[in-house]
Amino acid sequence: MDIFALIERLEALVNTGQRVPFVNKIMLDEQECLDVIAQMRMSVPDEVRQARRMLQERSRIPEQARLEAERIVAIAHEQAEEILSEHGLVRAAEDNARQIMEEAEEQASEIQRESDAYAVRSLTDLRTRLEQLHERVQIFLEAMADTEPEGIPSARARGDRTSQDAVE
C-alpha cells in the first residue's frame, strides 16, 4: 500500500478517535493503529529498494554503452579491412574508422549524460517523496504531542516509563 495512503489512514484514526471527557486526550483502537504502523514499515523499504534499483540501472547503462561502442568499433574494423582489401584505400579506411570511433564515443557520452540525468531526476523525486513523508509524520507527531493536557508534564518530560507505556 502507498505510504501516503497509510499516513492518511493513521490520521483518520486519530481524527475519529473518541475524546476522553475533561482531558485533552483521545482513545484510539490500539490494534488498528499498530496495524497501520506495521504496514508503513513494510511500505518504506520498497521505496528504498526502488532507489537502489535506480542506482544499479545507472551503473548498467554505461556498461551497455561501452559494449555498443565496442560493437561499432568492430564493425568499423571490418569495414576498414574490406576497403583495404577491395580498394587498397588505406587512408579512407583510417578516416572511416576514426569517424566511426568518434561517433561511438559521442553516443557513449550521450548515453552516459542521459543516464546521469535520469538518475538525478529519479533520486530527486525519491527525495521529494521522502521529505513529504517526513513532513506528514512530523505533523502527526506534533499533533500527538498537542493532545497532552496543559499544566501536566508529559510522561516523557517526567521520565516516567510506566506512564509512557500507557500513552503509547
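Q: Where do arginine 98 and aspartate 95 lie, and how many residues apart?
A: Both lie in helix α3, three residues apart, about one turn of the helix. Helices here are DSSP runs (H or I, at least four residues), numbered from the N terminus. This is a predicted model: local features need pLDDT of at least 70, side-chain atom pairs count only at pLDDT 80 or more, and totals for chains, interfaces and linings use all residues. Residues are numbered from 1 along each chain as its sequence is written, and side-chain values use heavy atoms, without hydrogens and water.

Q: What does arginine 98 form with aspartate 95?
A: A salt bridge, with the closest N and O atoms 2.8 Å apart. The term means a side-chain nitrogen of Lys or Arg within 4 Å of a carboxyl oxygen of Asp or Glu.

Q: How many salt bridges does the structure hold?
A: Ten. One of them pairs glutamate 110 with arginine 113 at 2.7 Å, N to O.

Q: New topic. Which residues is leucine 13 in contact with, leaving aside neighbours within four places in sequence?
A: Leu28, Glu32, Cys33 and Val36. Contact means heavy atoms within 4.5 Å. Leucine 13 is buried, at 11% relative accessibility.

Q: Where is confidence lowest in the chain?
A: In helix α5 (residues 161-167), at a mean pLDDT of 46. That score is the predictor's confidence in each residue, from 0 to 100. Helix α3 (residues 90-146) is highest, at 89.

Definitions and conventions:
Helix = DSSP H or I, 4+ residues; strand = E, 2+ residues; numbered from the N terminus. Buried < 20%, exposed > 50% of the residue type's maximum accessible area, 1.4 Å probe, protein only.
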